[in-house]
Amino acid sequence: MHCESSFSEFLKDLSSQYQDSGIRKGLVSICVKMPSLDLIDMYNYFLDRYSFSAFWEEKDRMSYIALDKCKFAQINDLNKFEQAKYFTKNVFDQMTCLNSPNDKESLSKVIYFFSYGNTSLKTNIENDVPIMEAILPRILIIKKLHNSWLRINYELDENSSFKDLIKEIRFIRNEIINIKDCTKKENEGDIPEIKRFNLLLDRSNKDLKKDILEGLDLINQGILKKVVLCKRINYEMNHKLNLIHILKNFRLNLNNSCTYVWKRNYEDITF
């Protein structure tokens with residue numbers, strides 16, 4: 001929906017649906033069809049703007065960028081899956097979708113990041129890394145093949161009106177449509193950094209194999225159907241890494257793999 005007249009009609013219809021719904025406060029979700037997008041270029045544009053973001057790209061499957069938090073839970077108990085399930089149910093019980101596209105990929109999503117380990121609560125507080133994070137993103141940019149959508153999840157209350165929501169949808173949509181490829185040039189300093197990181201990774205292989213087996217066991221038990229297996233390694237950079245360049249290299253050289261980023265805050269990024 002990149003034609004301005006079509007978008008104006010969409011906003012008018014949306015305003016009518018809002019008036020008819022009688023909703024004046026609470027969680028609402030709105031989806032706008034977008035022209036085909038390059039997710040890495042989108043992420044490059046928004047990466048530094050939001051403290052939290054997540055990126056997921058999988059060839060020929062549903063991929064997305066999540067920006068900012070609408071609702072979230074940080075869970076440090078060992079019954080993390082039950083609590084995450086409870087959080088997700090509450091979110092969707094409270095949510096009102098003001099428009100409902102036919103494409104299931106465009107539906108709102110709660111995303112998760114969790115540890116397999118039984119790390120103590122005290123240790124997690126000290127490290128500022130919860131056992132599990134469950135997040136309903138405020139902004140979702142979703143893509144599958146040549147179809148793309150912008151979804152906004154928004155909490156209406158006495159400080160935020162429906163007019164504010166419409167303004168935000170219009171503003172973000174226009175930004176996305178007008179984004180140009182602004183990928184920075186490769187930083188030559190990345191090469192020695194990657195070599196140094198690879199040495200650290202080699203030393204952690206034993207722990208990595210153990211975590212992978214624990215993750216596969218969760219699938220075998222039927223607790224999970226699909227999971228990204230990874231190992232957290234604390235690594236201090238000597239300079240700022242060009243993340244977007246790395247993502248483009250992943251897409252070029254590992255195009256049948258899933259690529260993801262979890263940016264917990266401005267100082268903590270897992271990819």
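User: Which residues have the most contacts inside the largest nonpolar core, and how many residues does this core have?

Analyst: In this predicted model, the largest nonpolar core has 39 residues, and those with the most contacts inside it are Tyr43, Ile141, Leu150 and Ile176. Among the elements that give two or more residues to this core are helix H1 (4-21), strand E6 (132-144), strand E7 (147-156) and helix H5 (162-177), and the largest share, six residues, comes from H5.

User: With which residues is Leu150 in contact, leaving aside its neighbours within four places in sequence?

Analyst: Contact requires heavy atoms within 4.5 Å, and beyond those neighbours Leu150 meets this criterion with Ile30, Cys31, Val32, Met34, Ile139, Leu140, Ile141, Ile169, Ile172, Arg173 and Ile176.

User: Why is E6 called largely enclosed by the rest of the structure?

Analyst: A residue counts as buried when its relative accessible area is under 20%; twelve of the 13 residues of E6 are buried, and E6 is therefore described as largely enclosed by the rest of the structure.

User: What makes E3 and E6 a strand pair, and which bridges join E6 to E7 and to strand E5?

Analyst: Pairing needs at least two bridges, and eleven join E3 to E6, which run antiparallel, so the two strands qualify as a pair under that definition. E6 is also joined to E7 by six bridges, again antiparallel, with Ile139 having Ile152 in E7 as its bridge partner, while four bridges join strand E5 (residues 111-114) to E6, likewise antiparallel. In E6, Ala134 stands opposite Ala73 and is the bridge partner of Tyr112.

Key. Residues are numbered from 1 along each chain as its sequence is written. This is a predicted model: local features need pLDDT of at least 70, side-chain atom pairs count only at pLDDT 80 or more; totals for chains, interfaces and linings use all residues. Side-chain values use heavy atoms; hydrogens and water are left out. A nonpolar core is a set of buried Ala, Val, Leu, Ile, Met, Phe, Trp, Tyr and Cys residues joined through side-chain atoms within 4.5 Å. Buried means under 20% relative accessible area, exposed over 50%, partly exposed in between (1.4 Å probe, protein chains only).
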